[in-house]
Amino acid sequence: MKRCPKCSRTFPDENQKFCTIDGGLLRSEQPPPPPFDPNLTVRATSQDLIDPTRVLNPSQAPTSTQLGSHNQTIASFGSATFKEPSPTVTDLIPPAESAPTSADLGAYATMVERAAPQTVASSTPLAPPVSQTPAPPPVAKRKSAMKWVLAGLVVLLVVGGGAAAAGYFLVLKPMLDAKRGVLSTNNNRSQNENTPVNTNTAENPNTTEKTKGPEAFVPPADAIQFKNSAANLDGELAANYVGFSFYYPSSWVSDPKAGVPGAANFAKLDKAAGANEGLKERVVFNWYPSKGSYEADLPVFPVSAKKVTDQLSGALPNYAEVSRGDVTVNTYKGYEVRFKGVFKEAGAADLPYWGRVIFLPGSKTDKGGVTIIMLATSLATEIKSPADLGTSGDSALILDSFRFANR
């Protein structure tokens, strides 16, 4: 058993020399001395205290040749038959009372260095030393020619750019200008030849751009023409008269109370399903206070639309507005409101209806604008929504043939 003088830890291996915790040199644990006997001192003499096994003659002391080979001692470490190890170099060093000093560690390192060559010799031989080739002399750096290449490229670009610019201004640009002049002349000539001459010299001061009117309408053989006239009008209809015309199918009935003194509308036309069968379609022409152009009437449209829709919502059951916004009728720009609803009567099936209110501005020769109110029920099988009014069925003839008198 060995003990570390620093940390007092014990180690059972007698072959271990140093503490694995703090590196202290281990000391062999000595058996405790026998209890002190005071009588022993009286009886014992100096000869009794001498070890009888001690060799007093120096010539009889063992030499290094009698201790055996140092390698054999190292090889016998750990042997099961080993009982009392032969003294080694480290065993001959007296144990320190405290931690090992630098001299102790130096002695241990010297022992290991002396034993190392013999151990290496019995193992794999060392590789022969590698010959070192002297380093070649430094090569002088060559000056890079990159800056001269870049300078040459810059010069070429400047010279080439100048040549290209000169070629463009002296050769290419005059050719392009001449070609553009020929094309512009041809286009102007073509436009002048294809543009019809406008014989209408009256100009609307409230419009910034002239709008070409619709082409002349060719009616079907059985169509009837209506022309608005101020001769029989009075009151608000006469004060807000607008000249216009349209065609309607001969199967439709014109209200004789419209367009006469005391009338409320310029024209009113109905398409009946038959005697006492109900109304299929109706178109009414009236007026609104136009300022003479679409642009000038933009703030007027919402006010006029509210006035008309308030009247319709009070007269038609279950009235509901669908949409409102700009509209174009035969090149005439205007404004419209679309609506729908349902007629409900006790004991009868529901009768859905759809409608449109269109506002078309007048001109400087007109006193107002035209309001077109279109209504259809589900009895008109061609009509399924407000968008079908004026585009499907017989009402399409009326809207397609509408023309202002002076435009």
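Q: Which residue in β13 does F244 stand opposite?
A: In this predicted model, strand β5, which covers residues 244-249, is joined to β13 by two bridges, and the two strands run antiparallel. Within this pairing, the residue of β13 that stands opposite F244 is F404.

Q: Which residue in β2 does R3 stand opposite?
A: Another open sheet of three strands has the order β2-β1-β3, again with antiparallel pairing. Its edges are β2 (10-11) and β3 (27-28), each with a single partner strand, so one side of each is left without a neighbour in the sheet. Strand β1, made of residues 2-3, is joined to β2 by two bridges, and in β2 the residue opposite R3 is T10.

Q: How far apart are the end C-alpha atoms of α8?
A: Helix α8 has 16 residues, and at 1.5 Å a residue these should span 22 Å.

Q: What arc around the axis do the buried residues of α8 cover?
A: The residues of α8 that are buried are V300, F301, S304, A305, V308, T309 and L312. They lie on the same side of α8, because the arc they cover around the axis is only 135 degrees.

Q: Which residues are exposed on the other side of α8?
A: An α-helix has 3.6 residues a turn, so residues three or four places apart point the same way. In α8, the buried set includes V300, S304 and V308, while the residues exposed on the other side are V303, K306, K307 and G314.

Q: Which element gives the largest share of the lining of the second largest pocket?
A: The second largest pocket has a volume of about 770 Å³, and 29 residues line it, of which N265, N286, V308, Q311 and I373 lie nearest its centre. The elements that give two or more residues to this lining are α6 (235-239), β8 (279-288), α8 (300-315), β10 (332-343), β11 (351-360) and β12 (369-377). The largest share is seven residues, and it comes from α8.

Q: How many residues in the lining of the second largest pocket are nonpolar?
A: Sorted by class, the lining includes six polar and four charged residues. The nonpolar residues in this lining number 19.

Q: Is N318 buried, partly exposed or exposed?
A: Most residues other than glycine have a negative phi. N318, which is found in the loop between α8 and β9 (320-329), has a positive phi of about 55 degrees although it is not a glycine. Its relative accessibility is 47%, and therefore N318 counts as partly exposed.

Q: What is the phi of T331 near?
A: T331 lies in the loop between β9 and β10 and, at 37% relative accessibility, counts as partly exposed. Its phi is a positive value in a residue other than glycine, near 70 degrees.

Q: Is G390 buried or exposed?
A: G390 is found in the loop between β12 and α9 (395-400), and its C-alpha atom is separated by 9.9 Å from that of L375, 15 residues apart along the chain. Buried means a relative accessible area under 20%. The relative accessible area of G390 is 4%, so G390 is buried.

Key
Residues are numbered from 1 along each chain as its sequence is written. This is a predicted model: local features need pLDDT of at least 70, side-chain atom pairs count only at pLDDT 80 or more; totals for chains, interfaces and linings use all residues. Side-chain values use heavy atoms; hydrogens and water are left out. On a 1 Å grid over the protein atoms alone, a cavity is a set of points where a 1.4 Å probe fits but cannot get out, and a pocket is an open set with protein on both sides within 12 Å along at least five of seven lines; lining residues have an atom within 4 Å of a point. Grid points are joined across faces, edges and corners, and a volume is the space filled by probe spheres set on the points. Helices (H or I, at least four residues) and strands (E, at least two) are DSSP runs, numbered from the N terminus. Ala, Val, Leu, Ile, Met, Phe, Trp, Tyr, Cys and Pro count as nonpolar, Asp, Glu, Lys and Arg as charged, and the others, Gly among them, as polar. Buried means under 20% relative accessible area, exposed over 50%, partly exposed in between (1.4 Å probe, protein chains only). Two strands pair if DSSP finds at least two bridges between them. The expected span of a helix is 1.5 Å times one less than its number of residues. The arc is that of the directions from the helix axis to the C-beta atoms.
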